[in-house]
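Dear colleague,

Please find below the structure that I am handing over to you. My notes on it follow directly after the model.

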Amino acid sequence: MLAFFRPALATLALMTLLTGVAYPLAITGVAQVAMPVRANGSQIEQEGTVIGSELIAQDFSSPSYFHPRPSAIGFDAASAGASNLGPTSAELLATVEERTEAWRRDTGESDVPLEAVTASASGLDPDISLENAHAQAARVTEARGAPRDEILRIVHEATTGPWLGIFGPAHVNVLEANLALDAAFPGGAE
Amino acid sequence: MTPVLVTVLLYLTALVALAVPLGRHMARLYRGERTVLTPALAPVEKAIYRVASVRADESQSWRAYAVAVLAFNAAGFVFLYAVLRLQGLLPWNPAGIAPMAPDLAFNTAVSFVTNTNWQAYSGEVQLSYFSQMVGLTVQNFVSAATGMAVAIAVIRGFACRGEGRIGNFWTDLTRSVLYVLLPLAVIGALLLVSQGVVQNLSSYVTATTLEGVEQVLAQGPAASQIAIKQLGTNGGGYFGVNSAHPFENPTVLSNMLQSLYILLIPVAFCFTFGRMVGDHRQGIAIFAAMGVMFVAGLAVVAWSEAAGNPLVSQIVGSAGPNLEGKEMRFGATLSALWGTATTAASNGSVNAMHDSFMPLSGLVFLFNMMIGEVIFGGVGAGLYGMLLYVVLAVFLAGLMVGRTPEYLGKKIEAKEVSLAVLAFLSMPLGILVFAALSVVVPQALAAVQDAGPHGLSEVLYAYGSATGNNGSAFAGFGAADPFHTTLQGLAMLLGRYAIIVPMLGIAGALAAKIPAAPTAGTFPTHGPLFVVLLIVTVLILGGLTFFPALALGPLAEQVSLAAGTRF
């Protein structure tokens, strides 16, 4: 009986050591030595405290900051998630209606970018569209009392893509833009 | 050309350019020839055989091969179940995560051993680092290698000249891991870290946001698992939202790399097949049939996501893509590409939430899974699944012209056709019967989130995904209910082993036959006519079996959407 199961058990044990222990630990070792910032979640520190990750959205409600896309999970970075509502869901459409009204009130613009009123897949989407950022620039400009050109320059610098000019839409990293706002116009946020 | 078209063309070109040499490498490897990696890895390979007392040169009968597959998978299941149940006592658990409940541990263990990687759990909440690495990452490798080994055994059945033996499972398994999966996983994992995928054993980090709120950032050894989850068509995410999570798929580059890894080995298998049967045109014919169906599905999904949701457009007053449940950095196109690839390939990882895709996209995803994951399909599993349809296609052609059907010179007779039909039946059994049970049992029905036809789509998707060993979900579906964790577990076992064992039986029967030389009356299986016949067979057998269910789910939803109905 043991002879029969020997190849199964021994192969499983060896594969466990190779692919379940040696492989992830080796990758961890190389990653920690060669790319520690990336491997640890691209954390951003200010005066010794971690203020977030460049890759993870955080909630912003102050008018002097750019706001991220809606999150179905309240920006809980330890438990990501989406609405998972289907396209004919009454709940989804009612939520989109509410968000559309709120967004129009907030920015004073009538053309609503679709991504500004739909929840992201992770609930932690760090990016917004260029048109969304431009629409919000008016509010940020007013709240900061800063020149509009400067605000638009900050948006431009936080913009990535399309990759190689082809793949994926252009997108603006909200936290990066907001950090640049605080650096350029300190005291703007209340 | 539109940007969508350019994106798709560049993706497909890169995919084939990588898959052709990989297919050649795999053909050499499984024939026992020298490969570029042999000097470095042969000593490791020999050491494994010595410890496991495997006789590498011993070719097995199909029965011995099948018993070895089942014994190895059974051992893997028991070990993984134990790890999940005991994770509270095991090391590398900085978040203090509790043991998994019995039904959920059963579901998860079956899910990873069968290469499904259905996630009824959320990784960052319910799994320790030990479970992720020693439990799940291992099965990501060996369940993929199991599928690859079975495919190679089936190919040998078609290719061999009457010896009656189909190779050695232990060497096929070991070589798949050492010479294919592990090297590509190492390259992929390091590239992913360079893009910002986390790879550490640290505790979760508490940040204080600019507006002064505490935010806990999940951490862990993610990159090493994500590389193999894509490569092995496993698809089980490190985090609950899979490759939509910015720590799992942070940039467009990481997204393109993962998209390529999803289809790389399944596409390469077409070319491996052609080389191993000694006629590369046969491999190209299979590739063409799969490719046509892939591109057709992708066209529907890309169009339907770009057109967007008319009900949302009414509210905001402008038309545009469907972005609910999608990430801004990927947008509609890269999400459509990924969704089509991941459902075609039985991968099941997602970079956008499939539950929120448009009804016609959901239809394509469901179709890809329900036909048994044969549009490239799982690593190995897609090829042997398609060979099942090949057996049925040449049988149908034989009926039409009144000749004994042949494929690659081997007569396809009653035994092979009976076994192919038996294997085929596991799909309707697992999907239609189990989904029907789920909509009549009240406890099971409570798992459905959305009202209207979309609710039925959620149930069909869950059982299509489980039986097809895909693993993606309409995630609004409450899959964690004990009824579903158990029934889904059974569906996954059915969709894996009720196909593997009959396919190995077919391989065994064919291996004993001596191939006949082609004559003027032989139906050529490398031309466009055969490609069309194969596609039609898949559409008729697979499609018509499920058409009534699809009509009540996604098609009814599309009609309601056009009529402006809200549920």
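Two residues are said to be in contact if their C-beta atoms, placed from the backbone, lie within 7 Å. Helices (H or I, at least four residues) and strands (E, at least two) are DSSP runs, numbered from the N terminus. This is a predicted model, in which local features need pLDDT of at least 70 and side-chain atom pairs count only at pLDDT 80 or more, while totals for chains, interfaces and linings use all residues. Residues are numbered from 1 along each chain as its sequence is written, and chains are lettered from A and ligands numbered from 1 in the order in which they are written.

I begin with the end of chain A. In helix α6 (residues 174-184) of chain A, the buried residues are A:Val174, A:Leu175, A:Ala177, A:Asn178, A:Leu179 and A:Leu181. A residue counts as buried if 20 or more other C-beta atoms lie within 10 Å of its own, as exposed if 12 or fewer do, and as partly exposed in between, again with C-beta atoms placed from the backbone. The cover over the buried residues of α6(A) includes β2, β3, α4 (130-144), α5 (148-157) and β5 of chain A.

Next, the strands of chain A. Two strands pair if DSSP finds at least two bridges between them. Strand β1 (residues 43-46) of chain A pairs with β2(A) in the antiparallel sense over four bridges, and A:Gln46 stands opposite A:Thr49 in β2(A). Two residues lie between the strands of this hairpin, where A:Glu47 takes a positive phi near 50°. Elsewhere, three strands of chain A form an open antiparallel sheet in the order β3-β5-β4. Its edge strands are β3 and β4 (159-160) of chain A, each of which pairs on one side only. β4(A) and strand β5 (residues 171-173) of chain A run antiparallel and are joined by two bridges; A:Thr160 has A:His171 in β5(A) as its bridge partner.

The domain assignment of chain A gives domain 1 (2-37) and domain 2 (44-184); such bounds come from an automatic or database domain assignment. The centres of these two domains of chain A, taken over C-alpha atoms, are separated by 40 Å.

Chain B has 19 helices and four strands. Its C-alpha atoms fill a box of roughly 75 × 60 × 50 Å along the principal axes. A compact globule of 567 residues would have a radius of gyration near 24 Å, and the 23 Å of chain B agrees with this; the radius is taken over C-alpha atoms, and the globule rule is 2.2 Å times the number of residues to the power 0.38. Of the 567 residues in chain B, 62% are buried.

How do the two chains meet? In total, 85 residues of chain A are in contact with 103 residues of chain B. On the side of chain A that touches chain B, α1(A) gives the most, with 21 residues. The residues of that side divide into 44 nonpolar, 32 polar and nine charged, where Ala, Val, Leu, Ile, Met, Phe, Trp, Tyr, Cys and Pro count as nonpolar, Asp, Glu, Lys and Arg as charged, and the others, Gly among them, as polar.

Lastly, a nonpolar core is a set of buried Ala, Val, Leu, Ile, Met, Phe, Trp, Tyr and Cys residues joined through C-beta atoms within 7 Å. Of the 240 residues in the largest one, B:Leu181, B:Ala223, B:Leu388, B:Val391 and B:Met503 touch the most other members. Domain 1 (2-37) and domain 2 (44-184) of chain A both give residues to this core, so it lies between them.

With kind regards
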